[in-house]
Amino acid sequence: MTSATKVSVIVPTYNRAAYLAATLNMLTNQAFICGLKPAARGSIDPAPVHATPSPSTGRGQGEGIAFEIIVVDDGSTDETSSVVAKYLACNVRYERIEHAGLPGPINRGLELAQGEYVMLTNDHDLYAPETLAMLTDALDAHTSAVLAVSDVVLVTPDASREVATYTFPYRGLVDGRRFLVEQLLPGIGSIAPHNMFRRDALEAEMLDATYGSSCDVELWLRLASRGDVVHVPRTLVRVRDRDEDSAHFQANHRLVDQALRAKRAYMPTDFEPDTRGAIEADWRRRVDKSAAVSLWRALEAGRADEKGAIRELGRREGTWVGGLAVDALTRLPEPLALALLRGARRLWGEAR
């Protein structure tokens with residue numbers, strides 16, 4: 001693509017061939033530009049489709065804003081390259097790098113990106129056909145916004161059932177600091193990973209490798225501290241819940257630790273003590289539950305080597321009582337600890 005590219009869609013992927021095709025199918029069929037019939041993907045002479053206006057955006061397929069899709073393969077050992085090959089005729093660029101882990105493939109995608117706007121995607125999520133158009137329109141309409149976000153539905157790994165819905169209360173432009181304080185700092189993760197941002201808002205910076213797989217959490221915090229956020233009040237993304245094959249499934253305790261470090265780095269220095277205290281108290285309660293879930297997953301998978309790291313997270317970031325409970329569970333015979341955790345999970349479900 002050239003400098004005329006409006007949006008660069010970055011798809012970092014690692015050993016997710018089973019899900020990647022569905023994601024690329026939806027991304028390459030966005031309602032306003034791809035211009036290829038589904039059957040024409042991978043052919044030498046793509047067949048253009050007629051421009052049928054989208055009821056959501058007014059744009060038609062095959063017209064409007066140019067976008068590129070950059071798939072960066074983080075050294076996959078499955079059929080990822082074969083899956084992507086079928087989409088190379090539809091504005092898809094593919095590059096394979098040596099396995100580096102996040103943020104390596106995302107940063108490589110940013111180096112290759114030519115678009116004015118960038119959207120980071122997951123290699124297993126599902127996107128409405130108007131996703132790019134609506135997020136692009138939102139940023140075009142609000143020049144002070146550095147970030148456009150939509151509502152999100154969490155679904156089961158096979159996408160057959162909804163698990164949770166995440167919505168924002170704004171319906172339009174919101175001050176970046178307000179979004180940071182109300183949406184990004186609370187909790188121990190991020191509910192805004194599916195969005196589009198202005199590439200120049202990065203100020204030529206990349207994602208920070210010190211935050212590991214939670215580098216995107218730090219990115220959203222960074223962007224919200226630099227400009228406004230615009231909310232598109234539509235559910236544009238269906239996020240697949242992590243399954244046991246996900247690299248993050250057994251790394252939940254590390255993700256939480258990294259995310260909390262990022263959130264502390266962006267905590268406003270002028271916060272009222274009561275506000276800061278309330279956010280940090282909520283973090284500790286959530287860590288209690290998350291540490292227990294991480295321990296359950298580790299024991300189920302026979303990963304007793306993770307017990308020390310989980311115990312340390314609970315001790316350092318959880319409540320006093322929760323830290324003691326997790327510590328005790330890690331020291332019990334594993335069959336007994338697992339039985340207790342299974343019982344607890346039936347009572348309160350898995351932590352998000």
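I looked up the neighbours of Arg222 first: leaving out residues up to four places away in sequence, Arg222 touches Leu202, Glu205, Met206, Leu207, Asp208 and Tyr266. Contact here means heavy atoms within 4.5 Å. I kept in mind that this is a predicted model, where local features need pLDDT of at least 70, side-chain atom pairs count only at pLDDT 80 or more, and totals for chains, interfaces and linings use all residues. Residues are numbered from 1 along each chain as its sequence is written, and side-chain values use heavy atoms, with hydrogens and water left out.

Next I asked: is Arg222 buried or exposed? Arg222 counts as buried because its relative accessibility is 6% (buried is under 20% relative accessible area, exposed over 50%, partly exposed in between, with a 1.4 Å probe and protein chains only).

Then I checked polar contacts, meaning pairs of N or O atoms within 3.5 Å; within protein, one must be able to donate a hydrogen and the other to accept it, and residues adjacent in sequence count only if both atoms are side-chain atoms. The Arg222 side chain has one to the side chain of Glu205 at 3.1 Å, and one to the side chain of Glu218 at 2.7 Å.

Last, I placed Arg222 in helix α6, residues 215-224 (helices are DSSP runs of H or I, at least four residues, numbered from the N terminus). I noted that the axes of α6 and helix α7 (residues 252-265) come within 8 Å and cross at roughly 15 degrees; axes are lines fitted to C-alpha atoms over the stretch in contact, with angles from 0 to 180 degrees between N-to-C directions. The contact is made by Val217, Glu218 and Leu221 of α6 with Ala259, Ala262 and Lys263 of α7.

Key:
Helix = DSSP H or I, 4+ residues; strand = E, 2+ residues; numbered from the N terminus.
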